[in-house]
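The sequence and structure come first.

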Amino acid sequence: MEYDNGLQQWFTTRAYDHSLPRAEKKRRKRRDGRLFPTQDGLYYYMNKRNEMATQFNWDSKKFNIFDSQFISYAAISKFINQFNSKLSQKDISQDDFKLLFQERIIIDELLSKINFLAELSCIKFSENNNLLKYHNELNNSIKLFNYWWKNLSDKQILLYINVAPENNYYLIKLRKIMSYELSEDIEDVFSVKSSNSVNLDDIANNLFDMYKYISKSTLNDELKNAILQKIITSFGPIYKSLLKNWHNEFIVFRKYNSFREKLDVIYGLSQDSVDSMFNIIQDKTILIFNKYVKKLALGFKDSTLIYKYLSNTKYIYFLDDISLQYSLNTIKKVYHNFLPVLIEPIIEIIGQKRIKINNFSNNQYCFICNREIPTIISLNFDNKWHNLFALAHELMHAIHFFFSKNQSAFQWKPVTPLTEGIAYFGELLIIDNFINISTNTFFNNKLLIFILNQSYKKLVEDAFFHLFQAEVAQLPKYMVNSDNITKIYQKNLAELWGDNVELEPNHAVKWIGTREMFEAPLINYSYIFGGLLGFCLFQIYKEEGPQFADKFLRIISLGDSDSPENILRKAGLGPLNDKFWVKGFSAINYFIDQLK
């Protein structure tokens, strides 16, 4: 079977390929200035659609994704402006709102298609992509609807919601999100302030690099310690300034009760369910993972090496290479055995050659999806075993989105915490399949350690770092300095690693070189949630057997038509309380027990 290895060749107009010589970049930039005039930015790509359809074996009529009246940027922009002008009317009847909301759906679908093409035309996600620029400009122009919706009375909201019952959850959620938004002018000020601010992340990383360099230098101890202490101390004012900015923007102006509440609202998660998740992670980590660390410690003379081992997944490279075909066959077999209908979208993706194999230096995995356009999966594949699990993860994303397309225009795309949990469950199915059929202890142990290390690094470490940031954020302003932050981090590490691991001397100040520390108020917990949810779903599957498949199909069919917690309830799995989350650690314990 042939797989397309040259998707980027579709779009030979990419001006910003960083691997190109400078002269070629300038030539393409000048050419793009001619090819992409502001008013006709979509023409070029629309004229390429038949070529794209031919290369992917698609029916070109199905790939005719823009109606002729919306073939240009100018036409779409005009349509949005006409739509916005209707929002200024004083009284909009239910019938008029129904027509208005249908236009809003058309606009959303247009923007989704432009974004799809933008990602497709530049798999490397260059920030200078012209279509992405058009998408962002158009997306900003449609925000007027959100502010209009925010300013309606509760009586009007109830009146209009009855007109679009298939999108009720979206409209209610939008109302809640917009309740925290400020006026459009003030939001623009915050946006400009953010884009023009000094990159404190780069400053932090440069200082940490300097810290590591001085630590290993041959300077005398007195001078070395003086320099190191100066570097560490300099981080206090940086983070104190960030906390002040975040507090003003999120708490003072937007009126969130906490930094994390913004994520809770966007994802539709309750504070209680997220708090319960973090509480269980804190309670169970030492008990479960200390058991795992003790098993690993049998093979180490130096306990400092255990941490490095847990932070590295390259040991899986010691297994024999595998092919893409073998990986696909394995995934199809495992997913089919679990629930036969799951392989329908996989067969479609393979048959239409929609797997894009890259050779990038960094591991890059993604899938590009639109409600009306076929999914494309892009990933690095160097014939190593971790690629199989990455492919299983992305294909499960594609499956989830495939079955959720029966939902309405605004409610078909599942939120990250839920879809990551579904995809992670897919990886666990693959692992469990191997350990059940293989009698090779070495092979099984490598795969088990891979998934356990991955869960420890991406689930538990990130969760504890989130809790560390939350504790620092609650410090009185006068106590925010490098010494106090480091003390909290040391306490956090002690709870995370227990007594089984001896960390390196400079590990307690590693927070100063962590990107998440300086980019957001609290680390985005969606992947933490998804990771533990995946283990919970796996444990329920082990308990219930084949009958769990129907519940799983129910979950992936609901898209974003309700909150993740309610979707799980509808499938007979909720609520997301302590009793639910502890199942995830039961699954982790199951995999630890399989280690020989």
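## Basis

This is a predicted model, in which local features need pLDDT of at least 70 and side-chain atom pairs count only at pLDDT 80 or more, while totals for chains, interfaces and linings use all residues. Residues are numbered from 1 along each chain as its sequence is written, and side-chain values use heavy atoms, with hydrogens and water left out.

Helices are DSSP runs of H or I with at least four residues, numbered from the N terminus. Helix H23 spans residues 526-544, 19 residues in total. From first to last C-alpha H23 reaches 26 Å, close to the 27 Å expected at 1.5 Å a residue; the expected span is 1.5 Å times one less than the number of residues. Of the 19 residues of H23, 14 are buried, so the helix is largely enclosed by the rest of the structure. Buried means under 20% relative accessible area, exposed over 50%, and partly exposed in between, with a 1.4 Å probe and protein chains only. Just after H23, Gly545 has a positive phi of about 75 degrees.

Ile449 belongs to helix H20, residues 441-473. The relative accessible area of Ile449 is 9%, so this residue is buried. Phe591 is 142 residues from Ile449 in sequence, yet their C-alpha atoms are 8.9 Å apart in space.

## Salt bridges between helices

A salt bridge is counted where a side-chain nitrogen of Lys or Arg is within 4 Å of a carboxyl oxygen of Asp or Glu. The count comes to 17 salt bridges.

One of them pairs Glu103 with Lys86, with the closest N and O atoms 2.7 Å apart. Glu103 lies in helix H5 (residues 94-121) and Lys86 in helix H4 (residues 73-86), so the pair ties together parts 17 residues apart in sequence. Glu103 is buried at 17% relative accessible area, whereas Lys86 is partly exposed at 31%.

Lys491 and Glu471 form another salt bridge, their closest N and O atoms being 2.6 Å apart. This pair links distant parts of the chain, with Lys491 in helix H21 (residues 482-497) and Glu471 in helix H20, 20 residues apart. Lys491 is partly exposed, with a relative accessible area of 46%, and Glu471 is also partly exposed, at 32%.

## A buried pair and its network

Arg254 and Glu249 meet through their side chains in a salt bridge, at 3.1 Å from N to O. Both residues are buried. Together with Glu181, Glu249 and Arg254 are linked in a network of salt bridges.

Conventions. Helices (H or I, at least four residues) and strands (E, at least two) are DSSP runs, numbered from the N terminus.
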